[in-house]
Each structure stands twice: as C-alpha cells, then as structure tokens.
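Subject: Structure for you to look at

Hello,

Here is the structure I promised you. Please open it next to this email and follow along.

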Number of protein chains: 2
Amino acid sequence: MDIHPAILASSHALGEWPLCHVRLQDDARFPWLVLVPRWPDARELEDLPEAERARLVSEIVQAGAIVRAIGVALRRPAEKLNVGALGNITPQLHVHVIGRRTDDAAWPGPVWGVGTPEPYQSGHLTTAIGAARAAFSSGAE
Amino acid sequence: MDIHPAILASSHALGEWPLCHVRLQDDARFPWLVLVPRWPDARELEDLPEAERARLVSEIVQAGAIVRAIGVALRRPAEKLNVGALGNITPQLHVHVIGRRTDDAAWPGPVWGVGTPEPYQSGHLTTAIGAARAAFSSGAE
C-alpha cells in the first residue's frame with residue numbers, strides 16, 4: 001500500500017508531482033491539500049534524503065498556490081496559509097497545506113481535530129478539483 | 001524590530017543559524033524550538049527566495065535533532081516530531097518544531113492553543129538550554 005488508508009479515506013486524488021501524491025482533503029470548511037511523499041516508509045522529514053527535502057518545500061509552496069486558487073474558486077479566498085507535518089495519528093509522512101480565513105471554523109487555532117469535517121457536496125467538489133487542476137497545469141508550464 | 005515581540009516574550013534565544021534565529025519555546029510541557037528566518041517581512045514560505053526555502057527545511061531537520069536532545073536530557077524522549085508554520089496570531093514567518101509523546105498534554109492533537117504554557121523552572125531551563133547547545137555544536141562539525 002503506497003498511501004495510508006486513513007489518508008485515502010479522507011481525501012481525493014488531484015495529481016502526482018515529482019516527489020508527492022497531491023490530494024484534496026475532503027473537508028469543505030477549508031481549502032486544504034495533503035502532500036504525501038512517495039517514500040512510504042518515511043515518518044519524519046529527516047527520513048527523506050536531503051535532495052527530496054528541498055523538493056518537498058518547493059512542492060509545499062506550489063500547493064499553497066493551489067490552495068489559494070481553490071479558495072478563490074469557492075469565493076472564500078485564503079488570507080493565510082498553514083503548513084503542518086504532524087503525523088500523530090497517521091504515521092506515514094504527509095504535509096498539510098491549508099488556506100485560512102479569519103471567519104473560518106477554527107480561526108485563529110489550528111484546524112486539526114477541530115469540529116467535524118464537512119465532506120464536499122458534488123458541485124463544490126467539481127469546482128475545487130477544477131480550480132486545482134487549472135492551477136496545476138499553469139504551474140507546470 | 002527583527003523578531004516579533006510575541007515571539008521574544010514566549011521563548012529564549014538559543015543561537016543563530018545561517019537562515020534562522022533559533023529559540024526555545026518557554027513551555028516545559030513539550031521540547032519545542034521556534035525557527036525565525038532572518039527575513040522579517042516574510043509571512044509565508046513563498047515569501048522566502050527559493051534557496052532560502054531549501055535552507056529552511058535543512059534547519060528544520062537540525063532543529064528536530066535538538067528537540068530530541070532536549071527530550072532526552074529532560075528524561076522525556078520525543079516519540080514523534082511535529083512541524084508547523086501557522087502564523088495566524090503572530091504574522092512574522094516562524095516554524096515550530098515540537099517533540100511529542102503519547103503521554104503529553106495534547107496528544108494526539110496539535111499543541112497550539114491547547115491548555116496553558118508552563119514556563120520552565122530554572123533547573124530544567126538550564127538542562128534544556130545546555131542540551132540544545134551541546135547538540136548545536138555537535139551538529140556544526
């Protein structure tokens with residue numbers, strides 16, 4: 001199994017980058033990407049080879065641009081990005097990139113473990129995935 | 001002002017790395033470092049030039065080793081590292097590197113905003129700073 005089942009169950013595939021699987025967290029409260037480095041045994045950042053660590057931070061910045069594009073498409077532009085690698089519950093190394101707003105459901109605290117995830121309704125899911133893929137391809141040029 | 005007053009007030013200086021001010025969060029519940037890139041106008045990772053982003057992830061990994069050394073010195077070795085760049089409250093870009101244990105005050109949730117910080121008592125502060133500085137110098141070789 002390349003991606004931990006808990007990550008698969010809570011997110012939608014968006015695409016593949018040189019280092020990471022890119023996934024949309026299925027929680028319409030926040031525009032939220034999850035990056036999963038294609039090193040399934042890695043648990044901490046230190047478990048990645050040094051070149052891959054630099055690639056990871058580059059992909060985190062790209063993910064931020066996508067999170068912003070999703071926020072705009074859903075008419076809730078992000079005002080701040082939150083980036084976190086926790087892994088207390090799901091041991092496989094993964095990085096969260098989340099768009100935050102002062103009027104969101106957890107501001108100013110972190111989002112993890114707060115309230116109940118609200119899965120995307122199908123129209124919003126299509127909008128979010130479409131915005132992400134458009135930002136993807138413009139970033140790849 | 002190079003470091004935001006809120007960061008200064010909640011942490012102790014440990015040293016200087018090529019990119020970051022390195023500080024010990026004054027909360028004895030968790031071995032916890034705060035890295036503050038010496039780019040006082042940066043708010044998001046994307047605000048750092050690309051070369052500095054790679055340096056940041058390298059310094060995050062070094063900070064993880066120091067967090068582990070502090071945990072050992074205080075006889076509460078870290079079992080997992082948590083890394084986060086949030087900045088919802090303090091706008092200056094800063095990165096938290098925190099050692100977690102399954103018996104700590106916030107497990108398995110994130111630490112931010114949970115409970116009340118417990119400033120180090122002087123003996124433990126000396127131990128923590130000593131362990132950090134020893135790990136610092138061994139890492140610099």
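Predicted model: local features only at pLDDT ≥ 70, side-chain atom pairs only at ≥ 80, totals over all residues.

Which residue of β5(B) stands opposite Asn82(B)? It is Ile98(B).

Strand β4 of chain B covers residues 80-85. Strand β5 of chain B covers residues 95-100. The two pair in the antiparallel sense, over five bridges. β4(B) also has a partner in the other chain. Three bridges join β4(A) to β4(B), and these two strands run antiparallel as well. Look at the residues there. Val83(A) has Ala85(B) as its bridge partner. Turn to Ala85(A), and you find Val83(B) opposite.

Is β4(B) largely enclosed or largely open? Count its buried residues: five of the six. So β4(B) is largely enclosed by the rest of the structure.

Arg100(B) lies in strand β5 of chain B. Why does Arg100(B) count as buried? A residue is buried if 20 or more other C-beta atoms lie within 10 Å of its own. Arg100(B) has 25 within that distance, so it is buried.

What does Arg100(B) touch, leaving out residues up to four places away in sequence? In chain B the contacts are Phe30(B), Ala78(B), Glu79(B), Lys80(B), Asn82(B) and Trp107(B). Asn88(A) is touched too. Arg100(B) and Ala78(B) are 22 residues apart in sequence. In space, their C-alpha atoms are 5.2 Å apart.

**How the two chains meet**

28 residues of chain A are in contact with 28 residues of chain B. On the chain A side, α2 (50-73) and β4 (80-85) each supply at least two residues. The largest share, eight residues, comes from α2(A). By class, that side has 15 nonpolar, eight polar and five charged residues.

How do the copies relate to each other? Chain A can be laid on chain B by a turn of 180°, with a shift of 0.0 Å along the axis. The RMSD is then 0.0 Å. The two copies are thus related as by a two-fold rotation axis. Now compare the surfaces. 100% of the interface residues of chain A are also interface residues in chain B, so the copies meet through the same surface.

**A helix to trace**

Helix α2 of chain B runs over residues 50-73 and has 24 residues. From its first C-alpha to its last it reaches 35 Å. That is close to the 34 Å expected at 1.5 Å a residue. After α2(B) comes Arg75(B), whose phi is positive, near 60°.

**Chain A as a whole**

Zoom out. Chain A has three helices and five strands. From the N terminus on, the order is α-β-β-β-α-β-β-α. Its radius of gyration is 14 Å, close to the 14 Å that the globule rule gives for 141 residues, so chain A is as compact as a globular protein of that length. Its C-alpha atoms fill a box of roughly 40 × 35 × 25 Å along the principal axes. Of its 141 residues, 41% count as buried. Take the contacts in chain A between residues at least 6 apart in sequence: 58% join residues at least 24 apart.

That is the tour. Over to you.

Best wishes

Key. Residues numbered from 1 in each chain as written. Chains lettered and ligands numbered in written order. Least-squares fit on C-alpha atoms with pLDDT ≥ 70 in both. Contact = placed C-beta atoms within 7 Å. Helix = DSSP H or I, 4+ residues; strand = E, 2+ residues; numbered from the N terminus. Expected span 1.5 Å × (residues − 1). Nonpolar A, V, L, I, M, F, W, Y, C, P; charged D, E, K, R; others polar. Pairing = 2+ DSSP bridges. Buried ≥ 20, exposed ≤ 12 C-beta atoms within 10 Å, placed from the backbone. Rg over C-alpha atoms; globule rule 2.2 N^0.38 Å.
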